[in-house]
Structures are given as C-alpha cells and as structure tokens.
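Q: Please take a close look at the sheet in this structure. A connected account, written for a reader new to the structure, would be welcome.

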Amino acid sequence: MLKLTDEGAKITLQAQPATADNGLFWFGSALLVGAVLVAVAMSLLSERLSIGALALLIIGCFIFNLKRQQRKKALSGVINGGVLWVQTGELVHDAGGKRTAITLQDSDRVTLFGEQLQIVDRDDNRKYHISGFESAQEAKVTKAILQGEAMGKRHVNIKMQSD
C-alpha cells in the first residue's frame with residue numbers, strides 16, 4: 001500500500017513466503033554419514049588413515065559452512081516485506097521493528113523489472129533487490145522518488161474509499 005508523505009512515500013510491501021532453507025538438514029545428514037564412515041575407517045584401517053579420514057570430515061564441514069555463509073551473504077540485499085520509507089536518494093526498511101537505513105550513492109542505478117526494483121552499483125553488482133510491491137505502479141513511484149523526480153498525476157493513482 002502506498003501513502004505519499006511530504007518527504008516521499010511510505011510503502012507497505014507484501015511479504016513473500018520464505019523459501020525453505022533445508023541446508024541444516026543436509027549438513028546434519030552429511031555429518032552423520034561422515035561420522036559413521038570415520039568410525040568404520042577407525043576400526044578397519046591403521047591409525048594414520050583413520051586420522052586422515054577424520055581430517056577429511058573436519059575439512060568437509062568447514063567447506064560446507066563456508067559455502068553456506070557465502071550463500072547467506074548473497075541474499076543479504078533482498079528486501080521483500082515490511083515497510084519502506086522512501087525519500088530522494090535514500091530509503092529506510094522497517095522489518096518487524098528492525099530499521100535499516102539505505103543511502104544511494106551518486107553512481108548507483110535503480111532499475112525496474114515489472115513489480116520489482118534492483119539497485120546496482122557502477123560495476124552492475126547488485127546491492128539490493130526489492131520485491132513485494134502491490135503493483136508495478138508502486139515500483140515506478142518508488143523508483144521516481146529515489147531518483148528525485150517530481151511526482152505527477154502520471155505516477156500516482158489515487159483510490160477513494162468510503163467508510
């Protein structure tokens with residue numbers, strides 16, 4: 001829902017259903033299988049090979065966690081719910097009481113993909129991906145405000161409600 005204010009706009013994003021993160025399940029399963037294999041290796045192989053199998057299990061856990069952290073970091077710029085307070089060159093994202101202020105740099109670009117916005121830096125690296133707008137018109141208004149364009153009738157469709 002879009003509400004225009006003196007400074008910009010307040011936009012309530014429609015929260016998207018969270019995607020299932022079953023990485024912890026797969027980590028636990030792999031750790032269990034690895035532990036069983038290391039136990040079997042310790043009973044059948046020499047000490048050196050058993051220690052090597054244990055070292056491989058530890059290295060595998062480290063690599064898995066490293067990959068998972070990289071995946072989480074890639075999703076850190078995704079905004080798909082909560083309230084956006086939009087002003088020229090900046091926005092504040094309020095998600096369940098946690099506020100994050102985002103200031104656009106002069107070199108940042110705002111691009112529109114249907115009902116989604118993407119903010120990229122000068123090297124076309126994605127900084128933020130914003131979705132959950134009620135309509136493409138809300139996304140257009142957000143882009144216009146962020147870029148400092150004057151709001152006109154072509155941007156805003158006012159709906160009257162009778163109580």
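A: Contact here means heavy atoms within 4.5 Å, and angles run from 0 to 180 degrees between N-to-C directions, taken along axes fitted to C-alpha atoms. The model under discussion is predicted.

The sheet is open and has five strands, in the order β1-β2-β4-β5-β6, with antiparallel pairing. At its edges stand β1 (2-4) and β6 (98-103), each of which pairs on one side only. From one strand to the next, the twist averages 15 degrees. In general, the strands of a sheet pair through backbone hydrogen bonds, in either a parallel or an antiparallel manner.

One end of the order may be followed in detail. Strand β5 (residues 90-95) is joined to β6 by six bridges, and the two run antiparallel. L91 stands opposite I102 in β6.

Helix α3 (residues 136-146) lies across β1, β2 (8-13), β4 (82-87) and β5. Its direction makes an angle of about 40 degrees with β4.

L56 counts as exposed because its relative accessible area is 62%, and exposed means over 50%. The C-alpha atoms of L56 and G34 are separated by 9.0 Å, although the two residues are 22 residues apart along the chain.

Methods
Residues numbered from 1 in each chain as written. Predicted model: local features only at pLDDT ≥ 70, side-chain atom pairs only at ≥ 80, totals over all residues. Heavy atoms only, no water. Pairing = 2+ DSSP bridges. Helix = DSSP H or I, 4+ residues; strand = E, 2+ residues; numbered from the N terminus. Buried < 20%, exposed > 50% of the residue type's maximum accessible area, 1.4 Å probe, protein only.
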